[in-house]
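Take a look at the structure below. Start with the chain as a whole, then move to where it touches its partner.

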Amino acid sequence: MVKIGQNGSSDSLIVIRNLAKTYHRGSEELHVLQGINLDVDKGDFVAFMGPSGSGKSTLLNLVGGLDVPSTGSVTVAGDEITRLSGSRLTAWRARHVGFIFQMYNLIPVLSAFRNVELPLLLSPLSRAERRRHVETALTVVGLQDRMQHKPRELSGGQQQRVAIARAIVADPTFLLCDEPTGDLDRKSADEILDLLARLVGEFGKTVLMVTHDPRAADHAHATLHLDKGVLT
Amino acid sequence: MKFLPLIAANLFRKKIRTTLTVGSFAVALFLFCLLITIRGAFNQGVEAAGADRMLVISKVSMIQPLPLAYRDRMLRVPGVKELTFASWFGGVYQDERNFFPQFAIDAENYRQIYTEFIVPDEQWKAFQEDKTGCIIGAATAKRYGFKVGDRVPIKGAIFPGEWQFNVRGIYQGRRPNDDLTQFWFHWDYLDEKVEPFLKSYVGWYTVRLTPGAQPVQVAKAIDEGFANSPFETRTQSEQAFMASFVEQMGNIELLMLSIGAVVVFTLLLVTGNTMATAVRERTGELAVLKTVGFTDPFVMGLVLLESTLIAAAGGLAGVALAKAFTLRGDPTGGMLASFYLPPSAMAAGLGVALAVGVVAGILPAVAAMRLQVVQAFRKV
């Protein structure tokens, strides 16, 4: 269950406290996020909506350990990631977060199989084990017959499904989706959203999704609105 | 090994660019190895010079002869174990394009002093017994197809006329850089046919020292023995003589070094630019790698490895091409007697290629390492 505005200890999977991010542009200060408090339980599917520049992607980057906050903390499964730095944060990210981007961000010269295998290259898994995991992930997203295809040989929806397979292949603690349907037609978008809902429903994944699309947000358990860096 | 598909995919994503960069390395390394070979050919005499041999030439000029009578006087100098002598003939085979060095030698002692040249005993014996016999280096014999038993006419330039010789032997070298282009014949034959005023003169003496003898003192003793005579001598180690001979052609070393430095520097710019472009083009992909858990040092290593692999491939190709080229022998027709690319130079060439690969890759690799994921995604 998602809770906003809590300010104390919590047993939730993701606990965000007094999170703020300020960018400096010359002498100007941009308060992109201000005092965010949020609790997300395991198995939640949360959508974040809001106008451009409201801080949605920044919030996702902070929760995913891609950026560091100006103040406040993010705790995931008991680890306060805002205290981690450098290679420890990278290792944490590899273990706990699956990222899904609007533009898929696949490596164009690698096949679907190799793209999905990327996160596993950092693990101690054997080649056969990696193969098994990759095949499973691609089967979950319905692309078991497209493993050797390069991204340019796949449609937008299929590319996004490869990106989802890459995000789930290492069985991360939660998924962060930044406008995952923003570049897709309605039909493909619905397929992707159904897939995300299935990951939550069937596989118990926790998903945090940024979207501009109210229909996409309808698939989430809860929709939170950000405006000028404040959760409403 | 598990990262190989990733590395290979990156290397071959722009096949033409990678091929051209590898080609740049290959051409540069080919040139580099060729420069080393040419330098080695110029310095061959210096490198191959016998450590216990000294050359005695006229103090006035190398082309001034010395009397044959000096032989016995020199043999009495303390520290001189044995000696031989020779004269420059300077002829051509058929026409001026077919030049190779011809020496009129002392058939009695020459072989035992120049031990780096191998002549089979029976061939040497046949040569000694035939006053018009000659011994030819294997490279020259191969170049003109000379065989034992052939008759070879040489047109004299210093000593006019057409001189006929019987090929009695082919010599080989003990070391890869030994000069195999020489043509030896009897000094007695030359002496017999020259004008009376040129009789009993030799071009130079080669002295072998007794073990433990001090070369400087021996040289001094020889030169002092002939001081104030009509034919004063200058004695120096064979190595020093060869080095001064090379110096007469200018500062070859500096020339080669300058060309080599320009080649390496150009290569550095070409590869550095290629790698920088490759990193710029892959900003988003590098950010993805970091997002899924690849560390900054790993991404840096990946870029460096790519740069080094390109350098290694180009370096190997260039060195292999150079080796194949030098195996065909002296391309100048006699100017570079020992046109040989030694394994050490090949290794040095590869070392230079790898070093350039690493240095050229450092800046792009550091840029890749410092890449901030969030900023990178904003740019894409």
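Predicted model: local features only at pLDDT ≥ 70, side-chain atom pairs only at ≥ 80, totals over all residues.

Residues are numbered from 1 along each chain as its sequence is written, while chains are lettered from A and ligands numbered from 1 in the order in which they are written.

Chain B has 14 helices and 12 strands. Both are DSSP runs numbered from the N terminus: helices are H or I with at least four residues, strands E with at least two. Chain B is more spread out than a compact globule, because its radius of gyration is 29 Å, well over the 21 Å that the globule rule gives for 380 residues. That radius is taken over C-alpha atoms, and the rule is 2.2 Å times the number of residues to the power 0.38. The C-alpha trace of chain B spans about 95 × 45 × 30 Å along its principal axes.

Now turn to chain A. In chain B, 17 residues are in contact with 19 residues of chain A. Contact means that the C-beta atoms, placed from the backbone, lie within 7 Å. Which element of chain B gives the most to this side? It is α11(B), with 5 residues.

How much of α11(B) is covered? 7 of its 9 residues are buried, with 20 or more other C-beta atoms, placed from the backbone, within 10 Å of their own. Among them are Leu286(B), Val288(B) and Lys290(B). After α11(B) comes Gly293(B), with a positive phi near 120 degrees.

Conventions:
Contact = placed C-beta atoms within 7 Å. Buried ≥ 20, exposed ≤ 12 C-beta atoms within 10 Å, placed from the backbone.
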